[in-house]
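This briefing concerns the structure shown below.

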Amino acid sequence: MTKVTTPKAAESAIRRVWKSAQMYIAFHKDQNKRQRDEPKFWPPKNGSASLHDDTAEQEAIVVVKTADPDETRDVQIKLHPNRIVVRRDAESRWQGVAVDDHSVTVRMADNTIIEIRHDGSIKRRGAEDETHVEADGSIFKWTEFAEAHMTGDGIEMSRRTDDRIAAITHDGVVDRARKR
């Protein structure tokens, strides 16, 4: 069993962010198995809930309320049988975090997705570009205008556009028009 620790005085004095947490069961379908427009939230009496196999029917959710009455930054922690999802309605910063057996994925307010995988690789997908940092340190970048790559050791780099290829290799520098 993990020992529960209380915050140090300095941590408590810095800034209170959260004021309460409440567990709910969200029923997405009624008793006749018809989809609800909005889920029905029910707080279990003992604060304990089983995790339903089908999250489209039912979810266990912990709602954490913000301490600032002027803010609407409440956070929902959704407990699924295969992952944990943390989400909030926010116009800036992060909006959701999903943690599963293989990765941690973050959705930013601008719909950028950042995925950190179990092997240490990272993928960032935005509206304009995509970047991968592989487990060996290699970097791949794709935009509307170019593709770029750098090896994990930083020795070789390349860039491709619609009309040119440029590369730095062990053998030297190459910069030429692309063959069509």
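The model is a predicted one. Gly 96 belongs to strand E6, which covers residues 94-100.

**Surroundings of Gly 96**

- Leaving aside residues up to four places away in sequence, Gly 96 touches Val 86, Arg 87, Thr 105, Val 106 and Arg 107.
- Between Gly 96 and Asp 30 there are 66 residues of separation in sequence, and their C-alpha atoms are 27 Å apart in space.
- Asp 30 is one of the residues that line the largest pocket.

**Ser 103 in strand E7**

- Ser 103 is part of strand E7, a strand that runs over residues 103-108.
- With a relative accessibility of 9%, Ser 103 counts as buried.
- When residues up to four places away in sequence are not counted, the residues touched by Ser 103 are Ala 98, Glu 115, Ile 116 and Arg 117.

**Overall form of the protein**

- The protein contains 1 helix and 15 strands.
- Its radius of gyration is 23 Å, well over the 16 Å that the globule rule gives for 180 residues, so the protein is more spread out than a compact globule.
- Taken along the principal axes, the box filled by the C-alpha atoms is roughly 70 × 50 × 40 Å.
- Of the 180 residues, 21% count as buried.
- Among contacts with a separation of 6 or more, 20% are accounted for by residues 24 or more positions apart.
- The accessible surface amounts to about 13300 Å², and carbon and sulfur atoms hold 50% of this area.

**The largest pocket**

- Rolling a probe the size of a water molecule over the atoms shows where empty space is left.
- The volume of the largest pocket is about 190 Å³.
- Its lining consists of Phe 27, Lys 29, Asp 30, Gln 31, Lys 33, Arg 36, Lys 40, Trp 42, His 52, Glu 57 and Gln 58.
- By class, this lining divides into 6 charged, 3 polar and 2 nonpolar residues.
- At least two lining residues come from each of strand E1 (18-29) and strand E2 (35-42).
- E2 supplies the largest share of the lining, with 3 residues.

**Backbone angles with positive phi**

- Most residues other than glycine have a negative phi.
- Lys 33, although not a glycine, has a positive phi of about 65°.
- This lysine, Lys 33, lies in the loop between E1 and E2, and Lys 33 is also one of the residues lining the largest pocket.
- Lys 33 is exposed, with a relative accessible area of 53%.
- A positive phi is also found at Asn 111, a residue other than glycine, where the value is near 70°.
- Asn 111 sits in the loop that joins strand E7 (103-108) to strand E8 (113-117).
- The relative accessibility of Asn 111 is 48%, and Asn 111 therefore counts as partly exposed.

Technical notes
Residues are numbered from 1 along each chain as its sequence is written. This is a predicted model: local features need pLDDT of at least 70, side-chain atom pairs count only at pLDDT 80 or more; totals for chains, interfaces and linings use all residues. Side-chain values use heavy atoms; hydrogens and water are left out. On a 1 Å grid over the protein atoms alone, a cavity is a set of points where a 1.4 Å probe fits but cannot get out, and a pocket is an open set with protein on both sides within 12 Å along at least five of seven lines; lining residues have an atom within 4 Å of a point. Grid points are joined across faces, edges and corners, and a volume is the space filled by probe spheres set on the points. Helices (H or I, at least four residues) and strands (E, at least two) are DSSP runs, numbered from the N terminus. Ala, Val, Leu, Ile, Met, Phe, Trp, Tyr, Cys and Pro count as nonpolar, Asp, Glu, Lys and Arg as charged, and the others, Gly among them, as polar. The radius of gyration is taken over C-alpha atoms; the globule rule is 2.2 Å times the number of residues to the power 0.38. Buried means under 20% relative accessible area, exposed over 50%, partly exposed in between (1.4 Å probe, protein chains only). Contact means heavy atoms within 4.5 Å. Accessible areas come from the Shrake-Rupley method with a 1.4 Å probe; for residues, only the protein chains shown count as cover.
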